[in-house]
Amino acid sequence: MTDANRTLVEAVNDGLHTAMAADERVIVYGEDVGDNGGVFRATDGLIEAFGDERVVDTPIAEISIVGSAVGLSMAGFRPVAEIQFSGFIPPVFNQLVSMASRIRWRTRGEHNAPMVVRAPYGGGVRALEHHSESLESAYAHVPGLQVVIPGTPYDTKGLLQSAIDDPDPVLFLEPKLHYRAGRQEVPDGQYSVPLGDAAVRRKGTDVTVISWGSMMPPTMEAVDSLEDRRDVDVEVIDVRTLSPLDRETIVESIKKTGKATVVHEGPKSGGFAAELVATLNERALMYLEAPIHRVTGFDVPIPMLGMEDYYLPNPPRIAAGIERTLAGEGGV
Amino acid sequence: MSHGIEQPVPLGEGNSSIAACTISQPDETPPRYQLVNEDGEYDPDSLPDLDDEELLDLFEWMLLQEIVDERMVTLQRRGEMGTYASGRGQEASIVGSSYALREEDWLFPYGREAAAMLIQGMPLRDLMLYWRGVEDANMQKAHRVFPPAIAIGTHIPVGVGYAWGLGLGEEDAIAALFHGDGHPSTGEFQSGANFAGVMNAPALFYCQNNGYSISVPFDEGQTAAQTVAQKGMAWGIDGIRVDGNDVLAVYDAVSQAREHVADGNPTIVESVTYRLEAHTTNDDPSRYREADEVDWWEEREPISRFRTVLESEGILADGDEDAMRQELNQQFDEAKEAADGYESRGIEELFTYVYDELPPELERQLGEFERFLEGHPEAHDYIDHRPKG
């Protein structure tokens, strides 16, 4: 075990190798996951290690990639299906909503769907149209569907293991902008990071900044620059799993700091920040000392690469949002 | 046997043999419609009715496709272009098909058919802007080109609906839905093709079967069917297979299919070809296919085959091709200059066109963002210097 040994995408890859070696029920499939090793190389080397019955290239058929995972999991397997880009999830929404998320409920527990659907999500890599969507709030709204979004290499492998072990379906969204952006120590062998536990990335007393996935690195950068510039002590929470949501960690943090800024990449209206703000209103209103600010994508489709950098929240925008929270400014 | 009353399902005769009642795909792969063989040999009487000028026109478009592909890949490598999908090796398939469309027809592209979009009249400058990720490039209504279907299969139901509408109108126009060999695997394609059959929609399903959907070979993982053309049978529509590296065969097959389609008979044309380049500039094909295979197809690339025809017909003289290439490269240079000169309208582009009118909340978000950028020049710096994935 060496320090800073794996990038985020290498953590996905190592997590899949580890889970497949430990449990022969785990099968990995999707478009180009076999010989090609995935378009981001997330599945590199799996077909050589586990053969083409457990690592399977599929037709271009997202509906069946996800729908068949429900069937395979009911038949005793632990499918880990890949959707190549988050922009290709919309056609499978029907299978997620009508089948995966409610098979346990509608059969009164006779069947369940221990399946994982992995997809790279988010913008910033100069990809083509329909490759960069961040619609996690829509998926987190589906009862019975768990939504996990890791923000670091260590969490990625540990959360992936938990998702694979979980008896119910998990949509596992990977921030592809940070696939190779940095390295972290990721242990060899199996370990897990539990679903439903937010992480406090930095302890602070003046304001709490809440984010996840692709927005974690720019959020940390914004907080660094802010703490360099002025005397402020910021607490940062990485939500990690939108569903199940760790409300306790968030509520306890706001009880301490009295102020919060929420940062996410998806559009603002109806975004997941709204759920967090509502939770804080329900459980910590009397502790709030200032309006909660949201720094998010705009209420527009994520543009093609020409303008995507203006859509994505960046450290200066995030820092400005935190400063407004600190100043106790109301309005939007 | 009528059984005396009208039946909702055609019954057919009763038969005691399961074999006789089984509908299978053919044991042998059906042939490809071919007018000029791989060695450039042909029967002059069987060639389509094109005059010398039209034949040279076809050749010139094929050269343009090749030049655009080569130079776009080079620009991408230099950081002057986004991800690009080259059509090298498919010049006959791309040009022969779109050249057969009529002026009133609509093109629903999927991205690997630059020359088809240009033949429709889309400016080369706009094609470059599209691959640079500029939404304005999709304003091609005047040229009857729909935005490319980057999400596989998404354009099929839309194109079928458009064709349905065309069929209801006065114009004798069709919608040509271009796609690859992976698209028929999607739900959108299958429901769209079935729908077209029911509605008698004048939709042409033009499949460039280039052997691979990124890394997955057509015959090992994409479908258990031998051909794309046969899939039409399930939906009660015709399918034609054509040698996609024979530009005259493609032109003739699509011309004839187009007339059939215009009569309200949706039709599949499967053009059997080969992608000589990577899937896109982000792809490394050496991971999934052998050099021998690429070499085999390189020897059968379509421009050489058509050049042989033009030379034997005495249409293409020494030096003609060089002159054409020089002229086409100059066209490319001019379009590149125009694309470089494109001025973005700035962040307003993000907000306009989501709705007919900017709703109050979007107006507010735009205003807030404008004020933020004015007060925070460091945000521009960040964007300019951010490492781009």
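## Strand pairing and the sheet of chain B

Two strands pair if DSSP finds at least two bridges between them. Strands (E, at least two residues) and helices (H or I, at least four) are DSSP runs, numbered from the N terminus. This is a predicted model: local features need pLDDT of at least 70, side-chain atom pairs count only at pLDDT 80 or more, and totals for chains, interfaces and linings use all residues. Residues are numbered from 1 along each chain as its sequence is written, while chains are lettered from A and ligands numbered from 1 in the order in which they are written.

Chain B holds an open sheet of five strands. Their order is E1-E2-E3-E7-E6, and the pairing is parallel. Strand E1 (106-108) and strand E6 (238-243) of chain B stand at the edges. Each has a single partner strand, so one side of each lacks a neighbour in the sheet. The twist averages 20° from one strand to the next. Angles run from 0 to 180 degrees between N-to-C directions; axes are lines fitted to C-alpha atoms, for helices over the stretch in contact. E1(B) pairs with strand E2 (residues 175-180) of chain B in the parallel sense, over three bridges. Within E2(B), Leu177(B) stands opposite Phe108(B).

## The sheet of chain A

Chain A has an open sheet of seven strands, in the order E2-E1-E3-E4-E6-E5-E10. Here the pairing is mixed. Strand E2 (55-57) and strand E10 (241-243) of chain A are the edge strands, and each pairs on one side only. Neighbouring strands are turned by 20° against each other on average, direction ignored. Strand E1 (residues 26-30) and strand E3 (residues 78-82) of chain A pair in the parallel sense over five bridges. Gly30(A) has Glu82(A) in E3(A) as its bridge partner.

Two helices pack on this sheet. Helix H3 (residues 62-74) of chain A touches E1, E3 and strand E4 (116-121) of chain A. The direction of H3 makes about 175° with that of E3(A). H7(A) touches E1, E3, E4, E5 and E6 of chain A, and its direction makes about 165° with that of E6(A). Contact means that the C-beta atoms of two residues, placed from the backbone, lie within 7 Å.

## Strand E4 of chain A

E4(A) is mostly covered: six of its six residues are buried. A residue is buried if 20 or more other C-beta atoms lie within 10 Å of its own, exposed if 12 or fewer, and partly exposed in between; C-beta atoms are placed from the backbone. In a regular strand the side chains alternate between the two faces of the sheet. Val116(A), Arg118(A) and Pro120(A) point one way from E4(A), and Val117(A), Ala119(A) and Tyr121(A) point the other way.

E4(A) pairs with E3(A) in the parallel sense over three bridges. Val117(A) is the bridge partner of Ala81(A). Six bridges join E4(A) to E6(A), and these two strands run parallel. Ala119(A) has Leu173(A) in E6(A) as its bridge partner.

## Domains

Domain bounds come from an automatic or database domain assignment. Chain A is divided into domain 1 (8-178) and domain 2 (199-327). Their centres, taken over C-alpha atoms, are separated by 27 Å. 26 residues of domain 1 of chain A are in contact with 23 residues of domain 2 of chain A. On the domain 1 side, helix H6 (136-140), strand E5 (146-148), helix H7 (153-165) and strand E6 (170-175) of chain A each supply at least two residues. That side divides into twelve nonpolar, nine polar and five charged residues. Ala, Val, Leu, Ile, Met, Phe, Trp, Tyr, Cys and Pro count as nonpolar, Asp, Glu, Lys and Arg as charged, and the others, Gly among them, as polar.

Chain B is divided into domain 1 (32-340) and domain 2 (348-385). The C-alpha centres of these two domains of chain B lie 38 Å apart.

## Contact between the chains

The contact takes 39 residues from chain A and 40 residues from chain B. On the chain A side, helix H11 (308-311) and helix H12 (315-327) are the elements that give two or more residues. H12(A) provides the largest share, four residues. The chain A side divides into 22 nonpolar, eight polar and nine charged residues.

## Nonpolar cores

A nonpolar core is a set of buried Ala, Val, Leu, Ile, Met, Phe, Trp, Tyr and Cys residues joined through C-beta atoms within 7 Å. The largest has 181 residues, and Ala176(B) and Ala203(B) have the most contacts inside it. Helix H1 (residues 52-77) of chain B gives the largest share of this core, ten residues. A second, separate core of seven residues includes Val300(A), Met307(A), Tyr311(A) and Leu350(B).
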